[in-house]
Amino acid sequence: MILSDLIHKIEVAAKLSPPLSYDNSGLIVGDPIANISRVLVSLDCSFDVIEEAASVGAELIFAHHPPLFWEKAKKITADTPEHGKVFRLIQKRIAVFAAHSSFDASPLGTNDTLFDIIGLSEKENFICEEEKFFGRIGILNKETTLAEFAGCLSEKLDCSVVRYCGNKDTKIKKVALCTGSGAEYEYFIEAKKLGCNVFVTGDVKYHNAQYALDLGLSVVDASHYASERIAMSRLIPVLQKEIPGVEFIDSSTNGQIFNHCQ
Ligand SMILES: [Zn+2]
């Protein structure tokens, strides 16, 4: 299938609306008229993922995060991490399509997937930017403690680096979440105002967590990777059903770059 046609079909199947104005999603590297028969689906386009794509014969990497973000490149040389990836992709004739903010906001995307995995109900949207919502709020069927909630999430996400801030016995019933990097002061304030007991996100900094605790809001840092990675895997059967002429492969590269000490 021609790459530009395939991207259109992916956008429809994954229910992708236009990205945020400053986001760098879409076709990042590649020839729109190239023929694609195999796609590697991954959260990131790391060097390891590029090698994996080459080894499985994928002509396209569908990544959540764009490999290039803020820069306006004037040179593409192989000796920097960002441009080195572009260099490698072109060498291997592998294209990259990234959905990023479009997939974060999609009903099949990162936030709604985490909502389902936690087992929440009574969904409310929050954290609005350019008329898209990047956070979700929901209710647990049964009240639990913060320590139990974080431990259960660690198991569900198969993630050993889940951390929590707050008293382990704090009662948890109403949950706010924003996958990836959502540990912002204003999001904590909004979640607290809406009656949430805990905020689940990734990339939590010390002072931001302190601020949440001062507000009386517990925080669970599920790690940026684990909070979002599972949504890509769950999308694959949808893509495979809607676009049967192309093979979609779930990446087996472990992109969880953090470890915990034994
Ligand atoms: Zn992310």
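1. Strand S2 (residues 38–42) and S11 run parallel and are joined by four bridges; strands count as paired if DSSP finds at least two bridges between them. Within this pairing, Val41 has Asp250 of S11 as its bridge partner. Helices (H or I, at least four residues) and strands (E, at least two) are DSSP runs, numbered from the N terminus.

2. The model is predicted: local features need pLDDT of at least 70 and side-chain atom pairs count only at pLDDT 80 or more, while totals for chains, interfaces and linings use all residues. Residue numbers start from 1 along each chain as its sequence is written.

3. S2 and S11 belong to an open sheet of five strands, ordered S1-S4-S3-S2-S11, with mixed pairing. Strand S1 (26–29) and strand S11 (247–250) are the edge strands, each pairing on one side only. Direction ignored, neighbouring strands of this sheet are turned by 30 degrees against each other on average. Helix H1 (residues 3–13) packs on the sheet and touches S1, strand S3 (60–63) and strand S4 (95–98). The direction of H1 makes about 25 degrees with that of S4. Axes are lines fitted to C-alpha atoms, for helices over the stretch in contact, and angles run from 0 to 180 degrees between N-to-C directions.

4. Helix H2 (residues 47–56) and helix H3 (residues 81–92) have axes that come within 10 Å and cross at roughly 5 degrees. The two helices are therefore roughly parallel to each other, the term for angles under 35 degrees. Phe47, Ile50 and Ala54 of H2 meet Lys85, Arg88, Leu89 and Lys92 of H3; contact requires C-beta atoms, placed from the backbone, within 7 Å. By class, this contact has four nonpolar, no polar and three charged residues. Ala, Val, Leu, Ile, Met, Phe, Trp, Tyr, Cys and Pro count as nonpolar, Asp, Glu, Lys and Arg as charged, and the others, Gly among them, as polar.

5. A second open sheet has six strands in the order S5-S6-S8-S9-S10-S7, and its pairing is mixed. Its edge strands, strand S5 (120–129) and strand S7 (163–165), each pair on one side only. From one strand to the next, the twist averages 25 degrees. S7 pairs with strand S10 (residues 218–221) in the antiparallel sense over three bridges, and Arg163 stands opposite Asp221 in S10.

6. S8 and S9 run parallel and are joined by four bridges, with Val175 opposite Val198 in S9. Five of the five residues of S9 are buried, so this strand is largely enclosed by the rest of the structure. Val198, Val200 and Gly202 point one way from S9, and Phe199 and Thr201 the other way. Buried means that 20 or more other C-beta atoms, placed from the backbone, lie within 10 Å of the residue's own.

7. The domain assignment, automatic or from a database, gives domain 1 (3–103) and domain 2 (107–226). Their centres, taken over C-alpha atoms, are separated by 29 Å. Eight residues from domain 1 and eight residues from domain 2 make the contact. On the side of domain 1 that touches domain 2, four residues are nonpolar, three polar and one charged.

Conventions. Two residues are in contact if their C-beta atoms, placed from the backbone, lie within 7 Å. Angles under 35 degrees count as roughly parallel, over 145 as roughly antiparallel, 65 to 115 as roughly perpendicular and the rest as oblique. A residue is buried if 20 or more other C-beta atoms lie within 10 Å of its own, exposed if 12 or fewer, and partly exposed in between; C-beta atoms are placed from the backbone.
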